[in-house]
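The following paragraphs walk through a few local features of the chain shown here. Keep the structure open while reading.

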Amino acid sequence: MTRPAIFTLPPTLPFVDALAAGIVERIGEEPLALSRATVLLPTARAVRSLREAFLRLSDGRPVLLPRLAPLGEVDADDISLTMEGLAGSAGGLDVPPAISPLRRQLLLTQLVKKVPDLAATTAQAANLAKELAKLLDQVQTERLDFARLHDLVPEDYSEHWQITLKFLEILTELWPGILGELGLVDPAVERNARLAALAKAWEAVPPQGPVIAAGSTGSIPAAADLLAVVARLPQGCVVLPGLDLETDAATWAALDEAHPQYGLKQLLARLGVEWEEARPWPVPDHVHHRSSPARTRLLAEALRPAETTEAWRDLPPVGPEVLDNLFRLDAPSSQEEAGTIALMFRQVLETPGRTAALVTPDRNLARRVAMEMRRWGIEVDDSAGRPLAQTPVGSFLRLLADAAANPAPVPLLSLLKHPLAAAGMEGGEFKLRVRDLERAVFRGPRPAEGLDALRSAIELAEDRSFDRPALRGALVALVDRLRERMGPMLEAIEDGVELPLTGWLRLHIQSAEALAQTAEETGAARIWRHEDGEATARFIDELREAAHGFPALKGPDYAALIEVLMSGLSVRPRFGLHPRLHIFGLMEARLQQFDLVVLAGLNEGTWPPAPAADPWMSRPMRTRFGLPSPEQQIGQTAHDFAMAAGAGEVVLSRAQRVEGTPTVPSRWLLRLDAVLDRAGLAGRLRAPAARWLGIQAGLDWPAEVKPCAAPAPKPPVEARPRKLSVTQIETWMRDPYAIYARKVLNLQALEEIDADPGAAERGQILHQALDEFVRAWPDKLPADALDQLLAMGRRAFGPLLEQPGVYAFWWPRFEKVAQWFIGIEQERRRGGTHPLATEVWGKVELPGPAGPFTLTAKADRIDRLGDGGLGLVDYKTGTPPSPKEVRLGMAPQLPLEAVIAKAGGFDGVAAADVGNLAFWRLSGNDPAGEIKEVREDLPALAEEARAGLIELIRLFDDPDTAYASVPRPGWAPRYTDYAHLARVAEWSAGGGEE
């Protein structure tokens with residue numbers, strides 16, 4: 001029997017260039033001889049790279065290339081032609097076609113939904129179906145038999161695993177029958193059959209030309225069997241990537257699953273070849289090493305099996321040249337890591353023809369680097385592409401389904417603010433109307449859901465919610481337009497009808513095209529014309545074909561299902577990418593070659609990755625069943641690391657913190673540190689790369705940083721306010737800049753979108769309930785006063801009382817406040833005090849150098865005291881001002897209300913002396929309420945407040961008086977909406993102000 005021909009290429013050689021040169025050297029330069037050769041490579045990207053290597057080798061001259069094919073994607077038609085005429089062959093490859101992944105997921109989803117108490121929704125079933133499909137691929141790739149599941153779980157395993165394996169019986173009892181009825185097989189079965197058929201054909205009738213299988217580690221058993229056939233063909237050979245021919249026998253025998261050479265060791269055992277029998281691939285002299293072989297030995301030493309690391313004690317001498325063009329980058333955070341890598345890429349482009357690649361399993365880091373490169377207008381080729389759900393068209397469809405199923409403020413605004421949304425209007429006009437709609441009804445507590453409720457909310461909104469009178473009608477027209485274009489899908493969801501998946505798809509696309517239409521362009525033209533539109537259209541076509549027989553479902557289930565089905569799909573741009581910069585995952589980076597390679601994300605749990613939790617089997621069960629252990633994946637990623645580290649210039653990069661969380665360096669970096677420390681080279685790896693962090697840190701740093709002074713605007717007197725409320729007077733004294741921003745610049749803080757009810761809403765509810773109660777019984781209280789007040793409280797809370805948090809925390813407090821309030825009211829009225837007015841507006845004019853100044857107030861309550869005087873009450877759900885603040889005039893609300901009352905400025909309240917000022921603290925705690933009276937000389941206090949306000953008016957009528965920000969830090973307001981606008985944090989931290 002012919003001994004297998006096994007060769008290897010070390011990491012230091014450019015794999016595809018060395019392979020191409022060796023093929024030409026082996027076969028000769030005669031064009032027809034080269035075209036008769038067949039080369040099998042692990043991936044389609046490797047095929048493209050080898051094709052380019054042949055072109056470089058020929059200096060651009062026309063050449064007939066060998067037949068190049070990915071190992072796992074050998075064409076079935078070619079196999080059929082090869083098998084024609086073989087003994088026992090029926091005349092071709094007799095394997096049913098593979099089922100599409102989307103159709104398989106939908107069929108498995110139906111099976112999962114039939115299992116009781118497993119998936120509450122269709123979307124959950126689809127997610128479980130995706131995991132089932134992964135298990136199918138793993139089991140079939142390893143060519144295992146699901147029948148072994150019955151004998152897998154001993155009785156001492158937990159009941160959970162017993163239930164899980166009972167559920168997995170659908171793969172043994174139901175799934176094969178479904179595939180048989182369809183005349184299809186799983187993708188892994190079809191691929192295994194193709195590879196087995198090709199191996200059988202070549203074993204029976206060897207090809208006439210050379211066959212070379214290169215770059216594969218044989219992780220797929222069917223591919224490994226084909227490699228075994230290729231290695232024994234008369235003109236066949238296998239070229240392994242990075243087989244360590246210099247290791248010692250003890251180390252080779254001790255290899256564990258996490259070692260980079262373990263996969264190659266398994267493959268050699270399957271090929272029936274001893275490690276010593278492999279030979280270096282013959283390479284012509286013109287193919288040069290990219291890096292020093294000493295670097296490969298250093299990495300091999302660092303990655304040696306754990307049980308042989310005692311060899312580090314007797315390391316041979318290692319010179320500093322081993323670290324030539326090998327650097328390490330420890331960035332403080334992921335953002336700085338990405339920015340520094342982008343800078344390295346940018347420097348590469350300064351040298352014509354120089355290339356660079358980022359290799360990382362961290363998709364977030366890859367996206368960050370791609371975004372950083374856009375600083376210079378450079379689009380980087382990312383092999384993973386962009387998730388379909390994050391593309392403009394994919395996200396538009398996803399947001400549309402979400403908003404239709406859940407028409408709450410956040411989903412609806414997310415849809416309407418999407419660049420593709422226009423609803424038949426000119427794009428800019430539509431965005432302005434959406435912004436107006438957001439300010440008018442979406443800010444603050446959530447309105448009722450649905451477009452009809454939204455229309456009602458616009459009609460009932462206060463006039464101050466609209467910038468101009470005509471805006472209310474414009475927003476009503478906008479909602480009507482949205483209803484018209486999203487109507488069929490919305491109506492189907494609102495009616496709760498069940499439709500087939502294809503029916504929902506039709507409504508979904510119809511609504512999307514109608515909503516995307518502009519005044520000048522159809523929605524179809526806008527949605528489907530770009531690459532993401534094409535990819536989405538393919539997904540929809542495949543889903544429409546795969547959805548045959550899928551049971552009917554309701555709208556919310558469809559919205560969640562479509563998002564699950566879109567996940568995992570990617571869009572790869574074809575144009576506009578830089579030809580010399582690339583971003584790769586670990587699989588895509590295999591056999592690629594670049595001048596600079598950045599191996600990034602080298603943190604434990606990222607590279608190598610943390611073993612994923614298996615939803616079906618525990619580790620012992622996987623081992624007994626025959627599935628690969630998680631450590632084998634670590635060994636494969638270790639091999640990827642060692643191969644990529646053979647590039648000419650290599651940067652080993654990591655972030656010390658990711659999303660604020662400290663990280664642990666990759667085990668390979670820790671091992672490398674240990675070896676370098678033993679060799680006396682500790683710290684030498686980091687030094688050259690450290691300067692890049694300094695450059696990156698200074699990239700966005702201003703050339704000069706000047707101290708920031710506190711703002712002191714001086715608007716013209718005619719632009720200054722001539723009317724303020726009593727509460728705004730307090731702000732005027734404590735933070736004049738806030739009055740400037742609100743009254744002069746007309747800036748008002750926006751409430752949160754879909755905000756939870758807060759302290760302001762709680763205060764409004766309490767005021768409303770007490771106001772209604774006091775107005776209803778101004779004299780004698782009814783016998784059921786507490787019940788009446790509680791009923792009014794329920795009306796004031798309204799729909800908010802249905803929220804669990806409000807009912808659990810706010811309502812019990814209101815009940816306590818109500819009980820306390822009734823007791824106080826009964827006591828006061830027995831003493832001769834009766835309510836005179838509640839929630840009443842008042843005003844008074846005061847003189848000023850620039851003209852009359854109007855002071856306004858809305859008194860919570862005005863009582864007629866027993867002696868005929870007035871009592872002013874202010875309800876506080878929070879902390880009332882201290883007596884010191886009232887006495888010093890820094891809390892002038894009640895004293896200024898006393899000024900208005902004495903002048904007869906309150907509606908329906910005759911002028912009279914004020915005999916009582918009190919804050920009623922209504923917290924609902926223990927005690928539930930508390931009366932804090934202002935125990936001062938009230939006439940003098942009111943007169944001082946009036947005189948102080950007149951002086952304040954005079955001061956700000958002077959054009960030289962500035963509206964300073966927090967002029968007295970000790971009296972700064974507890975909260976202001978304008979601190980960020982005034983840059984308080986900047987100037988107060990800079991030492992420029994006391």
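Predicted model: local features only at pLDDT ≥ 70, side-chain atom pairs only at ≥ 80, totals over all residues.

The crossing of α1 and α3 is right-handed. Helix α1 covers residues 15-27 and helix α3 covers residues 44-57; their axes lie 8 Å apart and meet at an angle of about 60 degrees. That angle makes α1 oblique to α3, because angles from 35 to 65 degrees fall between the roughly parallel and roughly perpendicular classes.

A second pair can be read in the same terms. Two packed helices are described by the angle between their axes and the distance between the axes. For helix α5 (residues 101-113) and helix α9 (residues 175-182), the angle is about 135 degrees and the axes are 11 Å apart. Here too the description is oblique, α5 relative to α9, because only angles over 145 degrees count as roughly antiparallel. The crossing of α5 and α9 is right-handed.

Which form does the bond from W607 to P608 take, cis or trans? It is cis, with omega near 10 degrees. P608 sits in the loop that runs between β13 (596-599) and α26 (619-625). Another cis peptide bond leads from D926 to P927, with omega near 5 degrees. P927 belongs to the loop between β20 (914-922) and β21 (929-933).

Next come phi angles. L591 is not a glycine, yet its phi is positive, at about 70 degrees. This leucine is located in the loop between β12 (581-584) and β13. Is L591 buried or exposed? With a relative accessible area of 8%, L591 is buried, because the limit for that class is under 20%.

N746 likewise has a positive phi without being a glycine, in this case about 60 degrees.

The last stop is on the surface. Which residues form a nonpolar patch there? They are L745, L747 and L981, and together they have about 210 Å² of accessible area. Of these, L981 is placed in the loop between α37 (938-956) and α38 (984-989). L981 has a relative accessible area of 35% and is therefore partly exposed, since that class lies between the buried limit of 20% and the exposed limit of 50%.

How values were computed. Residues numbered from 1 in each chain as written. Heavy atoms only, no water. Patch = residues over 30% accessible without salt bridge, like charges linked within 9 Å, V, L, I, M, F, W, Y side chains within 5 Å. Areas by Shrake-Rupley, 256 points an atom, 1.4 Å probe, with all protein chains shown as cover. Salt bridge = Lys/Arg side-chain N within 4 Å of Asp/Glu carboxyl O. Helix = DSSP H or I, 4+ residues; strand = E, 2+ residues; numbered from the N terminus. Buried < 20%, exposed > 50% of the residue type's maximum accessible area, 1.4 Å probe, protein only. Axes fitted to C-alpha atoms, helices over the stretch in contact; angles between N-to-C directions. Parallel < 35°, antiparallel > 145°, perpendicular 65-115°, else oblique. Left-handed = near helix turned anticlockwise from the far one by under 90°.
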